[in-house]
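Hi there,

Here is the structure I promised to pass on to you.

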Amino acid sequence: LVILPRECAPFGFQKCLLFGANLGVAAPVWEAALHLCRYFEDQSVELRGRRVIELGAGTGVVGILAARLGSLKSSIFHLRHMTLCCLPGAEMTITDLPLALPQLRANVSANVPPAGWPSAPPAVLPLCWGEDHLAFPSDWDLVLCADIVYLPETYPLLVETLAHLCKNGAVVYLSSKMRREHRTQSFYKEHLQSRFDVELVLRDDKQNNNIYREELNKRLDRKQFLFTTE
Ligand SMILES: C[S@@+](CC[C@H](N)C(=O)[O-])C[C@H]1O[C@@H](n2cnc3c(N)ncnc32)[C@H](O)[C@@H]1O
(Lines give C-alpha, C1' and ligand atoms only; values in the text may rest on other atoms or scores of the structure.)
Protein backbone atom coordinates (compact mmCIF):
# COMPACT_ATOMS: atom_id res chain seq x y z
CA LEU A 1 0.00 0.00 0.00
CA VAL A 2 1.19 3.50 -0.74
CA ILE A 3 -0.21 6.93 -0.06
CA LEU A 4 -1.33 8.67 -3.22
CA PRO A 5 0.75 11.57 -4.55
CA ARG A 6 0.57 14.70 -2.41
CA GLU A 7 -1.73 16.44 -4.91
CA CYS A 8 -4.48 13.91 -4.14
CA ALA A 9 -4.41 14.43 -0.39
CA PRO A 10 -6.69 17.51 -0.44
CA PHE A 11 -9.35 15.35 -2.06
CA GLY A 12 -9.44 13.03 0.94
CA PHE A 13 -7.98 9.91 -0.61
CA GLN A 14 -6.72 7.35 1.82
CA LYS A 15 -4.53 5.12 -0.24
CA CYS A 16 -3.90 3.70 -3.64
CA LEU A 17 -2.60 0.28 -4.51
CA LEU A 18 0.24 0.41 -6.99
CA PHE A 19 -0.05 -1.99 -9.89
CA GLY A 20 3.23 -1.29 -11.59
CA ALA A 21 4.47 -0.50 -15.03
CA ASN A 22 2.51 -3.16 -16.93
CA LEU A 23 -0.56 -0.93 -16.72
CA GLY A 24 1.09 1.77 -18.85
CA VAL A 25 -0.87 5.03 -18.95
CA ALA A 26 -3.57 3.64 -16.64
CA ALA A 27 -1.15 3.43 -13.68
CA PRO A 28 -0.55 7.08 -12.66
CA VAL A 29 -2.94 9.84 -11.63
CA TRP A 30 -2.81 12.35 -14.51
CA GLU A 31 -2.88 16.10 -13.99
CA ALA A 32 -6.08 16.42 -16.02
CA ALA A 33 -7.87 14.30 -13.42
CA LEU A 34 -6.82 16.62 -10.61
CA HIS A 35 -7.90 19.65 -12.67
CA LEU A 36 -11.34 18.08 -13.05
CA CYS A 37 -11.64 17.32 -9.32
CA ARG A 38 -10.70 20.93 -8.52
CA TYR A 39 -13.15 22.27 -11.09
CA PHE A 40 -16.03 20.29 -9.57
CA GLU A 41 -15.16 21.56 -6.13
CA ASP A 42 -14.67 25.22 -7.23
CA GLN A 43 -17.88 25.23 -9.27
CA SER A 44 -19.85 23.22 -6.72
CA VAL A 45 -20.96 20.85 -9.44
CA GLU A 46 -23.85 18.90 -7.99
CA LEU A 47 -23.29 15.17 -8.04
CA ARG A 48 -25.65 14.11 -5.29
CA GLY A 49 -27.96 11.37 -6.45
CA ARG A 50 -26.84 11.75 -10.08
CA ARG A 51 -26.14 8.80 -12.34
CA VAL A 52 -22.53 9.21 -13.39
CA ILE A 53 -20.17 7.20 -15.59
CA GLU A 54 -16.43 7.73 -16.00
CA LEU A 55 -14.52 6.63 -19.11
CA GLY A 56 -10.83 5.65 -19.16
CA ALA A 57 -10.70 6.02 -15.39
CA GLY A 58 -7.12 4.71 -14.84
CA THR A 59 -6.71 4.86 -11.06
CA GLY A 60 -10.34 5.99 -10.65
CA VAL A 61 -9.45 9.17 -8.78
CA VAL A 62 -12.27 11.22 -10.36
CA GLY A 63 -15.00 8.59 -10.06
CA ILE A 64 -14.08 7.55 -6.53
CA LEU A 65 -14.07 11.17 -5.45
CA ALA A 66 -17.49 11.75 -7.01
CA ALA A 67 -18.88 8.67 -5.28
CA ARG A 68 -17.36 9.66 -1.93
CA LEU A 69 -18.42 13.25 -1.85
CA GLY A 70 -21.77 13.19 -3.54
CA SER A 71 -21.77 16.95 -3.51
CA LEU A 72 -18.23 18.16 -4.00
CA LYS A 73 -19.36 21.34 -2.31
CA SER A 74 -18.70 19.58 0.98
CA SER A 75 -15.08 20.19 1.82
CA ILE A 76 -12.67 17.58 3.07
CA PHE A 77 -13.17 19.05 6.54
CA HIS A 78 -16.81 18.15 6.22
CA LEU A 79 -15.88 14.81 4.83
CA ARG A 80 -13.84 14.00 7.94
CA HIS A 81 -16.19 15.48 10.49
CA MET A 82 -19.67 14.89 9.18
CA THR A 83 -21.59 11.70 8.80
CA LEU A 84 -21.28 10.95 5.15
CA CYS A 85 -24.53 9.04 5.00
CA CYS A 86 -26.37 12.41 5.19
CA LEU A 87 -25.17 13.08 1.66
CA PRO A 88 -26.20 10.60 -1.01
CA GLY A 89 -23.20 10.33 -3.34
CA ALA A 90 -23.17 10.03 -7.08
CA GLU A 91 -24.38 6.68 -8.32
CA MET A 92 -21.07 5.93 -9.97
CA THR A 93 -19.96 3.55 -12.70
CA ILE A 94 -16.22 3.56 -13.33
CA THR A 95 -14.92 2.08 -16.59
CA ASP A 96 -11.67 1.35 -18.40
CA LEU A 97 -10.03 -1.36 -20.48
CA PRO A 98 -10.07 -4.82 -18.83
CA LEU A 99 -6.39 -4.65 -17.86
CA ALA A 100 -7.00 -1.61 -15.64
CA LEU A 101 -9.93 -3.11 -13.74
CA PRO A 102 -8.01 -4.93 -10.95
CA GLN A 103 -6.32 -1.63 -10.07
CA LEU A 104 -9.67 0.20 -10.15
CA ARG A 105 -11.38 -2.41 -7.98
CA ALA A 106 -8.54 -2.32 -5.48
CA ASN A 107 -8.62 1.49 -5.33
CA VAL A 108 -12.39 1.49 -4.82
CA SER A 109 -12.01 -1.01 -1.96
CA ALA A 110 -9.10 0.90 -0.41
CA ASN A 111 -11.03 4.18 -0.38
CA VAL A 112 -14.33 3.25 1.24
CA PRO A 113 -15.33 6.25 3.39
CA PRO A 114 -15.28 5.58 7.16
CA ALA A 115 -19.10 5.63 7.27
CA GLY A 116 -19.42 3.52 4.12
CA TRP A 117 -20.36 4.67 0.61
CA PRO A 118 -23.05 7.38 0.71
CA SER A 119 -24.82 5.62 -2.19
CA ALA A 120 -24.12 2.19 -3.62
CA PRO A 121 -20.40 1.37 -3.99
CA PRO A 122 -19.08 2.41 -7.41
CA ALA A 123 -19.48 -0.28 -10.06
CA VAL A 124 -16.27 -1.05 -11.96
CA LEU A 125 -16.85 -2.34 -15.50
CA PRO A 126 -14.94 -2.85 -18.76
CA LEU A 127 -15.75 -0.37 -21.51
CA CYS A 128 -13.56 -0.18 -24.60
CA TRP A 129 -14.58 2.88 -26.68
CA GLY A 130 -16.40 2.09 -29.88
CA GLU A 131 -16.80 -1.57 -28.89
CA ASP A 132 -18.66 -2.08 -25.62
CA HIS A 133 -20.84 0.99 -25.26
CA LEU A 134 -24.05 -0.72 -26.43
CA ALA A 135 -23.88 -2.86 -23.29
CA PHE A 136 -24.41 0.37 -21.32
CA PRO A 137 -27.62 2.41 -21.03
CA SER A 138 -28.05 6.00 -22.27
CA ASP A 139 -29.72 7.40 -19.17
CA TRP A 140 -26.74 9.04 -17.44
CA ASP A 141 -26.78 12.50 -15.91
CA LEU A 142 -23.05 13.03 -16.26
CA VAL A 143 -20.18 11.47 -18.18
CA LEU A 144 -16.72 12.23 -16.76
CA CYS A 145 -13.42 11.89 -18.63
CA ALA A 146 -9.88 12.94 -17.74
CA ASP A 147 -6.93 12.77 -20.11
CA ILE A 148 -8.42 10.25 -22.48
CA VAL A 149 -7.85 12.26 -25.68
CA TYR A 150 -4.38 11.18 -26.73
CA LEU A 151 -4.78 8.38 -29.31
CA PRO A 152 -5.96 9.86 -32.63
CA GLU A 153 -7.04 6.43 -33.92
CA THR A 154 -9.57 6.22 -31.06
CA TYR A 155 -11.14 9.67 -31.59
CA PRO A 156 -14.05 8.48 -33.81
CA LEU A 157 -14.63 5.55 -31.44
CA LEU A 158 -14.71 7.81 -28.42
CA VAL A 159 -17.28 10.10 -30.10
CA GLU A 160 -19.40 7.03 -30.93
CA THR A 161 -19.33 5.94 -27.28
CA LEU A 162 -20.07 9.43 -25.96
CA ALA A 163 -22.98 9.87 -28.40
CA HIS A 164 -24.54 6.62 -27.20
CA LEU A 165 -24.11 7.42 -23.51
CA CYS A 166 -25.50 10.97 -23.98
CA LYS A 167 -28.58 10.12 -26.09
CA ASN A 168 -30.91 11.07 -23.24
CA GLY A 169 -29.28 14.37 -22.37
CA ALA A 170 -26.23 13.56 -20.25
CA VAL A 171 -23.67 16.32 -19.81
CA VAL A 172 -20.01 15.42 -20.45
CA TYR A 173 -17.09 16.97 -18.58
CA LEU A 174 -13.85 16.26 -20.37
CA SER A 175 -10.53 17.45 -18.94
CA SER A 176 -7.67 17.36 -21.45
CA LYS A 177 -4.01 18.10 -21.57
CA MET A 178 -3.84 19.81 -24.97
CA ARG A 179 -0.90 17.94 -26.54
CA ARG A 180 0.04 19.01 -30.05
CA GLU A 181 1.75 15.67 -30.74
CA HIS A 182 -1.56 13.87 -30.08
CA ARG A 183 -3.64 16.39 -32.06
CA THR A 184 -5.91 16.80 -29.04
CA GLN A 185 -7.37 20.02 -30.43
CA SER A 186 -8.54 18.16 -33.55
CA PHE A 187 -10.61 15.81 -31.41
CA TYR A 188 -12.69 18.75 -30.20
CA LYS A 189 -12.76 20.75 -33.42
CA GLU A 190 -13.19 17.99 -35.99
CA HIS A 191 -14.60 14.95 -34.25
CA LEU A 192 -16.63 16.03 -31.24
CA GLN A 193 -18.14 19.19 -32.73
CA SER A 194 -19.70 17.17 -35.55
CA ARG A 195 -22.24 15.83 -33.02
CA PHE A 196 -21.90 17.75 -29.76
CA ASP A 197 -22.25 21.31 -28.56
CA VAL A 198 -18.84 21.92 -27.03
CA GLU A 199 -18.03 24.66 -24.54
CA LEU A 200 -14.59 25.41 -23.11
CA VAL A 201 -15.31 26.08 -19.43
CA LEU A 202 -11.80 26.36 -18.02
CA ARG A 203 -8.30 26.79 -19.40
CA ASP A 204 -5.11 26.51 -17.38
CA ASP A 205 -2.44 28.16 -19.52
CA LYS A 206 0.43 27.14 -17.32
CA GLN A 207 -0.42 23.46 -17.49
CA ASN A 208 -1.98 23.62 -20.95
CA ASN A 209 -5.09 21.88 -19.64
CA ASN A 210 -8.61 22.55 -20.88
CA ILE A 211 -11.91 21.47 -19.37
CA TYR A 212 -14.84 21.17 -21.80
CA ARG A 213 -18.53 20.73 -21.14
CA GLU A 214 -20.48 19.01 -23.90
CA GLU A 215 -24.01 17.98 -24.74
CA LEU A 216 -25.19 15.92 -27.68
CA ASN A 217 -26.68 18.17 -30.36
CA LYS A 218 -29.70 16.13 -31.51
CA ARG A 219 -29.86 17.89 -34.91
CA LEU A 220 -26.15 17.44 -35.72
CA ASP A 221 -26.20 13.90 -34.37
CA ARG A 222 -29.13 12.93 -36.57
CA LYS A 223 -27.43 14.47 -39.61
CA GLN A 224 -24.24 12.55 -38.88
CA PHE A 225 -26.23 9.32 -38.37
CA LEU A 226 -27.99 9.72 -41.74
CA PHE A 227 -24.68 10.56 -43.41
CA THR A 228 -22.90 7.47 -42.04
CA THR A 229 -25.77 5.10 -42.82
CA GLU A 230 -26.36 6.31 -46.39
C1 LIG B 1 -3.79 8.97 -19.74
S2 LIG B 1 -4.75 7.76 -18.92
C3 LIG B 1 -5.86 8.72 -17.93
C4 LIG B 1 -6.31 7.98 -16.71
C5 LIG B 1 -7.19 8.79 -15.74
N6 LIG B 1 -8.40 9.19 -16.38
C7 LIG B 1 -6.45 9.98 -15.22
O8 LIG B 1 -6.66 11.10 -15.73
O9 LIG B 1 -5.66 9.83 -14.29
C10 LIG B 1 -5.84 7.17 -20.24
C11 LIG B 1 -6.80 6.05 -19.82
O12 LIG B 1 -7.60 5.71 -20.94
C13 LIG B 1 -7.72 4.29 -21.02
N14 LIG B 1 -7.96 3.90 -22.43
C15 LIG B 1 -7.10 3.99 -23.48
N16 LIG B 1 -7.66 3.52 -24.60
C17 LIG B 1 -8.91 3.12 -24.26
C18 LIG B 1 -10.00 2.55 -25.00
N19 LIG B 1 -9.90 2.30 -26.32
N20 LIG B 1 -11.14 2.28 -24.34
C21 LIG B 1 -11.25 2.53 -23.00
N22 LIG B 1 -10.26 3.06 -22.25
C23 LIG B 1 -9.10 3.35 -22.87
C24 LIG B 1 -6.38 3.79 -20.49
O25 LIG B 1 -6.45 2.44 -20.06
C26 LIG B 1 -6.10 4.78 -19.38
O27 LIG B 1 -6.63 4.36 -18.15
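Let me begin with helix α2. Its buried residues are Val61, Val62, Gly63, Ile64, Leu65, Ala66, Ala67, Arg68 and Leu69. That puts 9 of the 9 residues of α2 (61–69) in the buried class. Buried here means 20 or more other C-beta atoms within 10 Å of the residue's own, exposed means 12 or fewer, and partly exposed lies in between, with C-beta atoms placed from the backbone. Helices (H or I, at least four residues) and strands (E, at least two) are DSSP runs, numbered from the N terminus.

Two housekeeping points before the rest. This is a predicted model, in which local features need pLDDT of at least 70 and side-chain atom pairs count only at pLDDT 80 or more, while totals for chains, interfaces and linings use all residues. Residues are numbered from 1 along each chain as its sequence is written.

**Overall layout**

The chain has 7 helices and 7 strands, in the order α-β-α-α-β-α-β-β-α-β-α-β-β-α from the N terminus. Of its 230 residues, 42% are buried. Among contacts between residues at least 6 apart in sequence, 76% join residues at least 24 apart; a contact means that two C-beta atoms, placed from the backbone, lie within 7 Å.

Setting aside residues up to four places away in sequence, Leu144 touches Leu36, Val52, Glu54, Val62, Gly63, Ala66 and Tyr173.

How does β4 pair with other strands? It runs parallel to β1 (51–55) over 4 bridges, and Leu55 has Cys145 as its bridge partner in β4. β4 is also parallel to β5, over 5 bridges, with Ala146 opposite Ser175 in β5. Strands count as paired if DSSP finds at least two bridges between them. Together, β4, α5 and β5 make a right-handed β-α-β unit: with the strands pointing away from the viewer, the path from the first strand over the helix to the second runs clockwise.

**The hairpin**

Strands β6 (196–204) and β7 (209–216) pair in the antiparallel sense over 8 bridges. They form a hairpin with 4 residues between them, and Asn208 in the turn has a positive phi of about 55 degrees. Asp204 has Asn209 as its bridge partner in β7.

**Positive phi elsewhere**

Most residues other than glycine have a negative phi. Asp147 counts as buried because it has 24 C-beta neighbours inside 10 Å. Arg183 also has a positive phi, near 50 degrees, and is found in the loop between β5 (171–177) and α6 (184–191). With 17 other C-beta atoms within 10 Å, Arg183 is partly exposed.

**Around the ligand**

Which residues come nearest to the ligand? Of the 22 around it, they are Ala26, Trp30, Ala33, Gly56 and Gly58. Near means that the C-beta atom, placed from the backbone, lies within 6 Å of the molecule. The shell divides into 16 nonpolar, 4 polar and 2 charged residues. In this count Ala, Val, Leu, Ile, Met, Phe, Trp, Tyr, Cys and Pro are nonpolar, Asp, Glu, Lys and Arg are charged, and the others, Gly among them, are polar.

**Two leucines to look at**

Leu23 is in the segment before α1 (31–42) and is partly exposed, because it has 18 C-beta neighbours inside 10 Å. Beyond its neighbours within four places in sequence, Leu23 is in contact with Leu99, Ala100 and Gln103. Leu23 and Gln103 are 80 residues apart in sequence and 8.8 Å apart in space, C-alpha to C-alpha.

Leu134 lies in the loop between β3 (123–126) and β4 and counts as exposed, with 10 C-beta neighbours inside 10 Å. The C-alpha atoms of Leu134 and Thr161 are separated by 8.2 Å, with the two residues 27 apart along the chain.

Best wishes
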